[in-house]
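Have the model open while you read.

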Amino acid sequence: MSRVAVITLALSSSQLKSYLYKHDAETGTGTFNPLGDAAYTGACLMQVQHLGPQAAEKRSVLTTSTDGHICLWKAFDQTYSLQWSHKIHQNAIKSFDMVSLASGGYALLTGGDDNALAYTVLERSEGSWRVQPGSCKIVRSAHAAAVTGVAIAQKDDRMVGISAS
């Protein structure tokens, strides 16, 4: 039996790279095959999360970066194309978590080196992901120092955000 995983890397060199990992249980070996790559601006990519199904023709990822943006990337053949970027923090987004919503969208919690904590909702509209208008709520001085860790705990229709600095 084989196991398969899509692995995506956000590199500090502003590169985004995805691989298809196939593990063959019979031989105990595995292979990495490139799926796509892209380059962002001069800002370093900090985190990456897959959105929705990871079939080759539907692969989308969300990244955060040192310029304070979240960015949506969509896969086309062997490359990613930047669909949009949305500025949330003044500088680097140091921490990032997200959970699926019943609506099919995602709730995002981010923390930055600007000491801020932000909650944002992504929704699917006409086949594309977008930031839900008016959903980005920011607490500017949430901490006395950079927010280096965030998590969202969810049960049914209730969620709790947790942050640390």
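What follows covers the overall build and then the cores.

This is a predicted model, so to speak: local features need pLDDT of at least 70, side-chain atom pairs count only at pLDDT 80 or more, and totals for chains, interfaces and linings use all residues. Numbering starts from 1 along each chain as its sequence is written, and side-chain values use heavy atoms, with hydrogens and water left out.

The protein chain has zero helices and 14 strands (DSSP runs, with at least four residues of H or I for a helix and at least two of E for a strand, numbered from the N terminus). Its radius of gyration, 17 Å, is close to the 15 Å that the globule rule gives for 165 residues, so the chain is as compact as a globular protein of that length (taken over C-alpha atoms; the rule is 2.2 Å times the number of residues to the power 0.38). Of the 165 residues, 39% are buried, meaning under 20% relative accessible area with a 1.4 Å probe, protein chains only.

Now the interior. A nonpolar core is a set of buried Ala, Val, Leu, Ile, Met, Phe, Trp, Tyr and Cys residues joined through side-chain atoms within 4.5 Å.

| Core | Size | Residues, among them |
|---|---|---|
| Largest | 15 residues | Leu51, Leu62, Trp84 |
| Another, apart from it | ten residues | Ala38, Tyr40, Cys71 |

Leu51 touches Leu62, Tyr106 and Leu122, among others, not counting residues up to four places away in sequence (contact means heavy atoms within 4.5 Å).

Notes. Buried means under 20% relative accessible area, exposed over 50%, partly exposed in between (1.4 Å probe, protein chains only).
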